[in-house]
Amino acid sequence: MADRIYYPKSALAEAAHCKSMEQYKQMHEKSIKNPEEFWGEIAKQFYWETPTSDNKFFSYNFNLNEGDIFIKWMEGASTNISFNLLDKNVKCGNGDKIAFYWEGNDPDDYSRLTYRKLLEETCKFANVLKSKGVEKGDRVAIYMPMILELPIAMLACTRIGAVHSVVFAGYSSDSLAERMLDSKAKVLITTDGVWRGPKLLLLKTICDEAMAKVKVNNHEVESCIVVSHLRRLANPHGGGSTATDGGNIKNGINSNGNGANEPNIPWDDDRDCWWHEEMEDAEPSCYPVWISAEDPLFILYTSGSTGKPKGVLHTTAGYLIYAATTFKYVFDYKPNDVFWCTADIGWITGHTYVVYGPLANCATSVLFEGTPFHPQNDRYWSVIDKYKVSQFYTAPTAIRSLMKFGDSLVKKYDLTTLRVLGSVGEPINSEAWLWFYNLVGHGKCSIADTFWQTETGGHVITPLPGATPMKPGSATFPFFGVLPELLDEDGKIIEGEGEGYLVFRQPWPGMMRTLYANHERFQTTYFDRFHGYYCTGDGARRDADGYLWITGRIDDMLNVSGHLMSTAEVESVLTEHPAVAEAAVVSKPHPVKGQCLYCFITPNEGRKFEKQLEDELKKKVREKIGPFAQPDVIHHAPGLPKTRSGKIMRRILRKIAIGDRNVGDTSTLADDSIVDTLFQLRPQV
Ligand code: PRX
């Protein structure tokens, strides 16, 4: 069944924004041949305080031989994103439309926010930021769970031209500190804590550790604004901010079944303040600061293959039109739909498809704080049923983990409102695709397997629900404005069927512009391998019908449950341990996570390799990077397979990790007996 082609259902196609492959091809061709006209038409839907200068709609250089890399869209134009997402929608008569249904970790906690209220809260918080001395161009770090104050904080930054840098609230204090230091964040916004499933996480405590680490490195976070989320949950009518238009919040820190008492929140009077206290007297209006098209909108850190995270920088005009357009076409969004993207806003998927894309289309979406497994493993299906969701966008790892619980949990709920299903973050295996298609989508929804990256800002290779015949596991064809090529090792274009490096030939509006404060690294990371192309770092195969199949990373990156990380960053944490002489990390296929971390460890002379060391190393990675990075396997390696020049042959380690004795040529190894030793020491997993 996996090699069958699945055609969009005719009812879906007839009503879709893009109804056929012919229409797709025409639109795609225009977007490539005449980007000014194609994107210029789309840009007209938004408000521009000043227009684009003559002949300046689109300029770029992708070729290092011809000078520095640059990408510019709509030069000379100015606008304000929050104005386009909020004021404009309210002015068009959509003030009472729900922007977000908030669904808490506990099913009894829920609320909602209209466009009017979102605008008011955004303006108030923008005034709070101003009162803390935040000005256009300043960086604001945000370390928050999935609560309404998170998009409010982001939009408030855009209101005044501040640059937000959201750090996923599952990252450790070290990771948060490293990111705040790199971006020189002036202000940090967080919450006292959050319940994730049955677990209480004290975010403010992590923030305090991070701010202390930043200070040791000669930078100071001037203010920390804290949402009283735990207290609000415990006492909905008491303290705490209530950025809602009604709902029900009754479960808090004392009622999640753990009997926990209100925790101590560390506090520094000179630096810290409560969100709700600051908001009390804040003015409900704030005139938007007009921002130039190429001024920064946000920084979002992503793992880099050297281990140091990369501050991907997106700018204003191009990102706005690209987020809006991909959202509209890829999810075939219509005004009465209810959209749900399960990704955390701390990742790019949440930025573009929880916040910017939906709001730019005046959409109603679900903002979900919880996990798929709490309080039961049917939570996703119950939320789809509860809000009558029409587009559901999630990750293959979530699908695989939910498949385990059988079909009956899905069948308990009415999922017939679904029209489009989306997948993102890693290749989706055909088994998961078919389960998603047949069971969740009742065989009538289209599946959008969307390939993209933090760097691309929005979808770049994806089916369109009403147009593209689907093949399970293929991300299919490029989105408007995107021109992919497959290159061989020598940079030669592979025509027709074949497999190679996935690169892009010209920029689309939503692509990154640079790495924050490091344009040099931007150029070497993405443009040096093949001059004239943006190199994704992924491999892809083109089949006889022209479909693209992403084959995975071809650099030293790996993708655990959709979280991209580098082997180098994990290795550097492991070798910090005093008992470890050397570490080499590879990825191993995992049935649920997609890939998992498999770590080879050489202990220092005289140190024994024992269970306690294994546990300490796993804990260290959790603490230093975050719980999602915990290694699955620690393998004792008295030595590593190295070439005579000292390069570790990861290809061999990957074979050992999967127990495949067919390791290929070992003649370049300095000592090939190590391969047998490593097979003998292979732990039973
Ligand atoms: O390897 C690709 C994989 O995720 C990487 C990007 O990760 P990140 O910047 O964290 O953004 C994730 C969400 C957009 C890519 O280089 N990836 C993402 N989507 C897919 C994918 N691999 C295969 N199929 C996809 N649909």
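# Reading salt bridges, cores and confidence

User: How far apart are N and O where the side chains of glutamate 294 and arginine 513 meet in a salt bridge?

Analyst: The general idea is that side chains of opposite charge can pair when their charged atoms come close. The rule used here asks for a side-chain nitrogen of Lys or Arg within 4 Å of a carboxyl oxygen of Asp or Glu. Glutamate 294 and arginine 513 meet it with an N to O distance of 2.9 Å. The pair ties together parts that are 219 residues apart in sequence, because glutamate 294 sits in the loop between β14 (291-292) and β15 (296-302), and arginine 513 in the loop between β23 (498-504) and β24 (514-515). Helices (H or I, at least four residues) and strands (E, at least two) are DSSP runs numbered from the N terminus. Arginine 513 is buried, at 7% relative accessibility; buried means under 20% relative accessible area, exposed over 50%, and partly exposed in between (1.4 Å probe, protein chains only). Salt bridges with shared partners also link Asp174, Lys213, Glu576, Lys620 and Lys624 into one network.

Before going further, note that this is a predicted model, in which local features need pLDDT of at least 70 and side-chain atom pairs count only at pLDDT 80 or more, while totals for chains, interfaces and linings use all residues. Residues are numbered from 1 along each chain as its sequence is written, and side-chain values use heavy atoms, with hydrogens and water left out.

User: How many salt bridges does the rule give, and what separates glutamate 29 from lysine 33 in helix α2?

Analyst: The count is 44 salt bridges. For pairs within one helix, the general point is that an α-helix has 3.6 residues a turn, so residues three or four places apart point the same way. Glutamate 29 and lysine 33 form a salt bridge at 3.1 Å, N to O; they are four residues apart in helix α2 (residues 21-33), and therefore about one helical turn separates them. Glutamate 29 is partly exposed at 45% relative accessible area, and lysine 33 is exposed at 64%. In helix α5 (residues 115-131), glutamate 121 and lysine 117 are likewise four residues apart, or about one helical turn. Their closest N and O atoms are 3.6 Å apart, which makes a salt bridge. Glutamate 121 is buried, with a relative accessible area of 5%.

User: Which residues have the most contacts inside the largest nonpolar core?

Analyst: A nonpolar core is a set of buried Ala, Val, Leu, Ile, Met, Phe, Trp, Tyr and Cys residues joined through side-chain atoms within 4.5 Å. The largest has 126 residues, and those with the most contacts inside it are Trp39, Met74, Phe125, Leu129, Ile189, Trp275 and Tyr356. Helix α11 (residues 316-330) gives the most to this core, 10 residues. A second, separate core holds 44 residues, including Leu188, Val194, Ala583 and Ala629.

Contact means heavy atoms within 4.5 Å.

User: What covers the buried residues of α3?

Analyst: In helix α3 (residues 35-43), the buried residues are Pro35, Phe38, Trp39, Gly40, Ile42 and Ala43. Their cover includes α2, β1 (58-61), β2 (70-73) and α11.

User: Is threonine 462 buried or exposed?

Analyst: Threonine 462 is buried, at 2% relative accessibility. This residue is in the loop between β21 (446-450) and β22 (484-487). Beyond four places in sequence, the contacts of threonine 462 include Val330, Ala448, Asp449 and Phe477.

User: How many disulfides are there?

Analyst: A disulfide is a covalent bond between the sulfur atoms of two cysteines. With a cut-off of sulfur atoms within 2.5 Å, the count is zero. For cysteine 341, the nearest cysteine sulfur is that of cysteine 445, 17 Å away. Cysteine 341 is buried at 3% relative accessible area, and cysteine 535 is buried at 8%.

User: Where is pLDDT under 50?

Analyst: pLDDT is the predictor's confidence in each residue, from 0 to 100. Where it is low, the predicted coordinates should not be read in detail. The chain has a mean pLDDT of 94, and 96% of its residues reach 70 or more. Over residues 237-242 the pLDDT is below 50, and this stretch has 10 contacts beyond near neighbours in sequence. Residues 250-260 also stay under 50, with 29 contacts beyond four places in sequence.
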